[in-house]
Amino acid sequence: MDVEIDVDVEALRALARSLACEAGALVRDGRPERVEVAATKSSDVDPVTDMDRAAEALLRRRLAEERPDDAILGEEGDDVPGTSGLTWVLDPIDGTVNYVYGVASYAVSVAVVAGPPDPGRWTALAGCVHSVVDGRTWTAARGGGAERDGRPLRVRRPDALSRSLVGTGFGYAPERRARQAEVLVDVLPRVRDIRRIGSAAIDLCLLAEGALDLYYERGLNPWDLAAGALVAAEAGAWVGGLHGRGPGAAMTVAGATPVVTELVRLLEDADADRPEDGARG
Ligand code: IPD
Ligand code: CA
């Protein structure tokens, strides 16, 4: 969706960066030696920790001060309505399983979008993904490019699907994972290798800087991809779904053309966005 938007996207990028880094400091400094799982969400293996909630509360408090007219869509709380037409899309810890286990790939993801809170239909304006453990910070502004810590980003252009390093991820529901494993059987023999890093936001940023050639995943929530997809797109990636749809829960695919088109075809042939019986996430 392309709409005429009269906002300062660079100011929004700066705010997204400062919010993500502030929440990142809380997540980093407040991580206990052993992280307890406070609750589970879509399935027994989909954890929520006290820190997910604390980091999102911080982001919401700061947005209420800085952008009181904007709406909020966050992973760990109720939707906040707004009057400005802009929505902040928040993932306080993307990669919560990694956070729980102390695997270093988890991030705070903050994005601001115009239009409906649906990745296939919104216009992403600015976003930031802040990798908590090592401080890598990726940002993008619509039409203003993507960067990591001041360095402009450009996707890698693989010469063939067979030589492409492909990031992906798996949902939390057993039925979904069983289907994702079937699709992987079709994909794995046709690519260089697969990476399952455990944070969709970081996957999309690694794609943006050329550390992955391609990425696909079924089942992403809006907050998993909002900032990362803009970073990838501003670095030159095509980002979409299957069968001409936009990116979103059914499927998100990203990478440079023309090779990404081969991956889209492969996933379409594998029926990779077919609904599973009883799957939730
Ligand atoms: C998850 C991560 C993971 C992806 C899952 C997401 P969470 O987010 O992004 O890489 O495979 O689909 O749900 O639960 O850690 O915020
Ligand atoms: Ca997430």
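Let's start with a pair of strands: β13 and β14 (residues 252-255) run antiparallel and are joined by three bridges. This is a predicted model, where local features need pLDDT of at least 70, side-chain atom pairs count only at pLDDT 80 or more, and totals for chains, interfaces and linings use all residues. Residues are numbered from 1 along each chain as its sequence is written, chains are lettered from A and ligands numbered from 1 in the order in which they are written, and side-chain values use heavy atoms, leaving out hydrogens and water.

**The sheet**

- β13 and β14 belong to an open sheet of five strands, with mixed pairing and the order β11-β10-β12-β14-β13.
- At the edges sit β11 (193-195) and β13 (238-240), each pairing on one side only.
- From one strand to the next, the twist averages 15°.
- Zooming in, G240 has V253 in β14 as its bridge partner.
- A word on terms: strands are DSSP runs of E with at least two residues, helices are runs of H or I with at least four, and both are numbered from the N terminus; two strands pair if DSSP finds at least two bridges between them.

**The two domains**

- The chain splits into domain 1 (9-152) and domain 2 (161-269), with bounds that come from an automatic or database domain assignment.
- Their centres, taken over C-alpha atoms, are 20 Å apart.
- Contact (heavy atoms within 4.5 Å) links 44 residues of domain 1 with 25 residues of domain 2.

**The nonpolar cores**

- The largest nonpolar core has 38 residues, and V89, W122, V129, W138, L153, L207 and V231 touch the most other members.
- Such a core is a set of buried Ala, Val, Leu, Ile, Met, Phe, Trp, Tyr and Cys residues joined through side-chain atoms within 4.5 Å.
- Elements giving two or more residues to this core include β6 (123-131) and α6 (222-234).
- Both domain 1 and domain 2 give residues to this core, so it lies between them.
- A second, separate core of 31 residues includes A20, V35, W88 and A114.
- Leaving aside neighbours within four places in sequence, L207 has contacts that include V155, Y215 and A254.

**The calcium site**

- D91, D94 and D224 coordinate the calcium ion (ligand 2) through OD atoms, at 2.1 to 2.2 Å.
- Donors here are N, O and S atoms within 2.8 Å of the metal (3.2 Å for Na, K and Ca), and sites may look incomplete because water is not among the atoms.
- Along the sequence, the donor residues follow the spacing D-x2-D-x129-D.
- D91 is buried at 0% relative accessible area, and D94 also counts as buried, at 6%.
- Buried means under 20% relative accessible area, exposed over 50%, and partly exposed in between, using a 1.4 Å probe and protein chains only.

Key
Axes fitted to C-alpha atoms, helices over the stretch in contact; angles between N-to-C directions.
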